[in-house]
Amino acid sequence: MNSKLYLNKGLYDNKKIFENTIEAIKAGIKLNLGLYLTVRETKDHELIIYEDSNLSRLHNVKDKIDDMTFEEISYLSYYHIPKLDEVLKTIDGKVDIILNLKIKTKNKDIVNILDSYKGKLILLGQTKIINSLLKKKENYLVGEILTKGSFNLFMKKINFKSVDINYYDKLKIKKLKEDNIPLIGYLIDNKGLYEDYKDLFDYLIVDNYNNLKLK
């Protein structure tokens, strides 16, 4: 992992450039920062880049992503929602990527798509999903998510831990550092949080990057 900062959903303002779009991803690449992207699965098993489990926040549609086909989602969306393979072709190894895989293990396309990517991939997801992927390819960089109600996930291997700062105070974070496993902190969305946590974590996932006003 080369980047200290990873942009959640790319670089966007949801006015001219919408989150998780090809435009937001290209804007993030120009800053030479890492990207943190969420992968979801549609009803017809297409893998798309989209943050939420439904369309209500951005499109005022309550239907869930996994209850709709890709064609239905594309029709209702105000902008183009990209598929995973389209996004990976756009990034093409230019920056590091963390993928949060909110998908079902039965989707066989994920292995072929990930294997065709020539850049570095860091994967997060449910234990059964990550472990099933490791059966196919042991050298994936993978990690567990530590948030509210987290417990021992019995993953085959852990390259890093991703820590939700809303549920892990600084004392707990310092305790985690004793394990000598790289830590990723999320979600940092203002300069105050950045200053508070920048020295506690090896890597940070940031949202609203422009609000950080970093030089």
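Over the ring of which residue does the charged end of lysine 172 sit? The charged end of lysine 172 sits over the ring of tyrosine 168, 5.6 Å from the ring centre. A charge sits over a ring if NZ of Lys or CZ of Arg is within 6 Å of the ring centre and within 35 degrees of the ring normal.

## Basis

This is a predicted model, in which local features need pLDDT of at least 70 and side-chain atom pairs count only at pLDDT 80 or more, while totals for chains, interfaces and linings use all residues. Residues are numbered from 1 along each chain as its sequence is written, and side-chain values use heavy atoms, with hydrogens and water left out.

## Aromatic pairs

Three aromatic pairs are found in a search of the whole structure. Rings of Phe, Tyr and Trp (its six-membered ring) pair if their centres lie within 6.5 Å; planes under 30 degrees apart count as stacked, over 60 as edge-to-face and the rest as tilted.

One of the pairs joins phenylalanine 18 and tyrosine 79: the ring centres are 4.6 Å apart and the planes are at 20°, so the pair is stacked. Phenylalanine 18 is in the loop between β1 (5-8) and α1 (22-30), and tyrosine 79 is in the loop between α3 (70-76) and α4 (84-91), so the pair ties together parts 61 residues apart in sequence. Helices (H or I, at least four residues) and strands (E, at least two) are DSSP runs, numbered from the N terminus.

Phenylalanine 18 is partly exposed, at 22% relative accessible area, and tyrosine 79 is buried, at 12%. Buried means under 20% relative accessible area, exposed over 50%, and partly exposed in between (1.4 Å probe, protein chains only).

## Around tyrosine 197

Tyrosine 197 and phenylalanine 201 have ring centres 6.1 Å apart and planes at 35°, so this pair is tilted. Tyrosine 197 is buried at 10% relative accessibility, and phenylalanine 201 is buried at 3%. The charged end of lysine 170 sits over the ring of tyrosine 197, 5.6 Å from the ring centre.
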